Amino acid sequence: MGHIRLGALPRTRKWTKVVGLIEGGAGTAQVANATISAAETGLGLAAKDKGVIETIWLLTKLPLAARSENFAESLRDCGLAVADSPGLMEIVGSVSDTIDSRIPNCKGRTDLGEMAQMAAAETLTEVIGQRTKSFFGTTPDDVQRAFSKLATNKQFSAFAKDFFARFTNKCMNYFLSRALSHHLGEGQRFTTLSQQAEFTRALGTHCREAARIIEEFSGGWFSKRNWETGGAITREDIAEFTSYAMRKLVDELKQGARSDGQ
Amino acid sequence: MANERLILCGSVGNGSLPFKDERSLRLRMWGPHANVHLTIQDVREAMLKQVPAVFLDLIDIATYVYCADQAVTRGGDGVSNFGENWRRNLFFRIPVRKPNFWKKASVLDQLVSTLSFLSEDEYNFDFEPLTKDTSIERYLEFTQTPYDGIAEEVVMFSGGIDSLGGAVQEAVINKRKIILVNHQSSPKLSRRHDHLLSLLEGQAKEYRPLQVAVRINKAKNLGAEYTQRTRSFLYASLGATIATMLGLSRLRFYENGVVSLNLPPSPQVVGARATRTTHPQVLNGFSQLLTSLAGKTFTVENPFLWKTKTEVVRLIGDAGCGKLIKFATSCTRTWEITKQHPHCGTCSQCIDRRFAVLAAGQEANDPGEAYKVDLLVGERKNEGQVGDPQTMITAYLETANEIEKMDALQFFSRFGEASRALRHIDGNPEATAMQIFDLHRRHAKQVVGVIDQAIAKQRSAIRKRELPATCLLRLVYDSGLSASTVPLKDPEVPIGDNVFRKKGQIWTVRFAGGADFILLPSKGAAYLHQLLSQPHVHLSAIDMAYGVAKNRDRYSLGSAGEKSDREALAAYRAKLIELRAEQEEANANNDHGAQEKIQEEIESITQEIREASGLGGRLCKVSDDRERVRKAVGMALKRATKEIALYDQRLAHHLSPPRLICGQNPCYVPDKDVQWET
């Protein structure tokens, strides 16, 4: 029990290039660029992925729910099964369970959606947890206050940036984790585990840097769309937003490799 | 919906199916064409009581689901398409004794949602009335082993460390009479299990546990998929039926909490690729379903949820049962098991087990020689070994390394998967989160503690570089060099603003003092290197190609003559006329097979004629080698600059006309201030 198997990258031309770059000692920006190019078709599906859209849609609903008079009731209206005074971890768990129940396997659930769902849980914990300093000993009112602050232009931008940075990083590592340890050991790209870990961390930083592009427009989009729809942002709106965001992010990751060379 | 399958069970009909499936699967447990056989062995006659029909149905359903799970492939790794075929849509039509019960929305929902979470597939069930009832005796094989009629608990027993810990906890420490339900997957494992149980009986004395073994045999063609995510559903169903026979309403799985929650050790492990066999959400689902079946509360629980594997091993040792540890089987590569090496040492379970044994100080009871690959100093190469052993161990250790340094907030901000358990464990989610974090931190400390001790113990061998280069200790030992993302093979770092230099097989490039990037080996990069090394010099494309070519004999120059002679061309044209006549005939006969074949031939010949004919129907000449080489060099340079544009557009622009001239005599004409270090 607990059986897990790990695999390697496919031996196609594009993935062979990624492996060659890792082996040859390319920096994170260059490896990220090649990875994005190899996975571009798959990543392009994110804007149509039901799991990704449902996840982002729920994320946009939470700050608005927190601004209502009855936070718990508004969360329940979004489909979250929470008690009357929910804490952060209850909300995080409910978000995950709600997406699980709305996106059945083989009816829209994909690895992309799964990664988005996990990125959402992590972003919520990180962003709200940091604002409430911890998730232990904070009152439900603190949690609601922290969520409601996300509804501002600036805060939503930071929230969206964190989510997309994690999502992209997960997608990158989904592939690269199949290759990195093949270049570990004496005489290899990474002599020790700590060097490999540093590369992985640098890749995370690179994704966060690239996701700054999301910060530039997401808050403005959220405020505008929220005002236009009277707080009823639809999944179609989210699909458009996600499509634009992913395009910008992919361009940025490619551009990042170029700018590093300038 | 790419990966869907119809599974028709027993003698059900195939009318009104929800989709067409030419590869539909037929599973039969009974009759002359039976391809699935379930046997419950070692049952004592005194145990046999009336079993509600719904539990018999449950056994059938679970057996069919388990067999279909192994018969329908998930499409391999599916890396490029984000695991498109991993999640399957399975439609079952199953004959049952109580169709109305199984069709109830509440029951169906519980069944489907539990299975869906367990295996990450989509389930659809159509239940039909069973025409010929089968009693439970058909599954059973009786034994005359004494049984005093007392059974206080039914415990699932895989024969691994955790389930051994559970048996020790129940029978030796708590002195309770238990029934162990065990899957006999192969004769090799059965012998080990039997030996382990006989030792356990010696320890438990009058509380010796009874074993009920379950065996499933299926036709060879039903073994296409190794993942077997629904295995625990089958065990739980059998265990619950036995518990019901004995008048009990509880079933226990003993599994350490870290494996039960099974957070992904690597980013490539997404969703149920990390097994959810005893995940709290799954056990809750089993409980709810079995409660519906039993008509009263039925609990499925994991008493080791808050224990790490190290703590389980320690529990076994403290109970005086340490000598049993070496007979517990954890390895998933059962086909590799030998008397000398019952553990491969490279699969996730072997790694987990060995860390736990060392952390618990039980090495004497589980000798290292029994592991084919030693955890700490054994050689682990990915190439040529199943399951990427190096990737597995580095992922395992790196996860522990990370968690050991985290606080609770960082932990849940890093492992989103942990949030899936929060609402499925009794208690406040915030408090549950703290328990989950605490469990994982303890585990991480135990793992890194083993490494720290091993480094201290092996320091001399490490210093002398006597350990294998790919062993775990060599991989974790930091020689003091700063970690770097630049290649370590060649410490020589170019210092100029403009660099185009070969480093091993690859090219290191820097332009105008920007960041370094690399180019993979290519002819274009080699040509560029030649040009940048000799600015203002018109080189010959032939010489450049000759200088780079591996097989220089190919460059004897000349003309290849005409592509095709006139006779051949005439024959092609005649054949084309014949084919068109045949095509007309095939069209008239509506012969699709012939139409397709003829069309392919016509297209092929037309292409030949087109390539061989020039203006006015004259024959073309194959371009001579000089021309071919000129074009090849030009194209290779173009490809190289296109690749460079991905990383440095300024350099790509710089390497364009008028500074870079192609043709028969390529030349690099830089601006005055560009000096290349090559």
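Reader: Which residues of β7(B) are buried on one side, and which on the other?
Author: In this predicted model, B:E153, B:V155 and B:F157 are buried on one side of β7(B), and B:V154 and B:M156 on the other. Buried denotes 20 or more other C-beta atoms within 10 Å of the residue's own, with 12 or fewer for exposed, partly exposed in between, and C-beta atoms placed from the backbone. In a regular strand, side chains alternate between the two faces of the sheet.

Reader: How is the model numbered, and what confidence limits apply?
Author: Residues are numbered from 1 along each chain as its sequence is written, while chains are lettered from A and ligands numbered from 1 in the order in which they are written. Because the model is predicted, local features need pLDDT of at least 70 and side-chain atom pairs count only at pLDDT 80 or more, whereas totals for chains, interfaces and linings use all residues.

Reader: What does β7(B) pair with?
Author: Strand β7 (residues 153-157) of chain B pairs in the parallel sense with β8 (residues 178-183) of chain B, over five bridges. Pairing requires at least two bridges found by DSSP between the strands. Within this pair, B:V154 stands opposite B:I179 of β8(B). Strands here are DSSP runs of E with at least two residues, helices are runs of H or I with at least four, and both are numbered from the N terminus.

Reader: Turning to the open sheet in chain B, what is its strand order?
Author: The order is β2-β1-β4-β5, four strands with parallel pairing. The edges are β2 (25-27) and β5 (122-129) of chain B; each has a single partner strand, so one side of each lacks a neighbour in the sheet. On average, neighbouring strands are turned by 20° against each other, direction ignored.

Reader: And which helix packs on that sheet?
Author: Helix α1 (residues 53-71) of chain B does, touching β1, β2 and β4 of chain B. Its direction makes about 150° with that of β4(B). Angles run from 0 to 180 degrees between N-to-C directions, and axes are lines fitted to C-alpha atoms, for helices over the stretch in contact. Contact means that the C-beta atoms of two residues, placed from the backbone, lie within 7 Å.

Reader: How do α4(B) and α5(B) pack?
Author: Helices α4 (residues 161-173) and α5 (residues 187-204) of chain B pack at about 25°, with axes 10 Å apart. That angle makes the two helices roughly parallel; the classes are under 35 degrees for roughly parallel, over 145 for roughly antiparallel, 65 to 115 for roughly perpendicular, and oblique for the rest.

Reader: Which residues make that contact?
Author: From α4(B) come B:L164, B:A167, B:A171 and B:V172, and from α5(B) come B:L196, B:L200, B:Q203 and B:A204. Seven are nonpolar, one is polar and none is charged. Here Ala, Val, Leu, Ile, Met, Phe, Trp, Tyr, Cys and Pro count as nonpolar, Asp, Glu, Lys and Arg as charged, and the others, Gly among them, as polar.

Reader: Finally, how many residues does each chain give to the contact between chains A and B?
Author: Chain B gives 85 residues and chain A gives 75. On the side of chain B that touches chain A, the largest share, seven residues, comes from α11(B). That side divides into 35 nonpolar, 30 polar and 20 charged residues.
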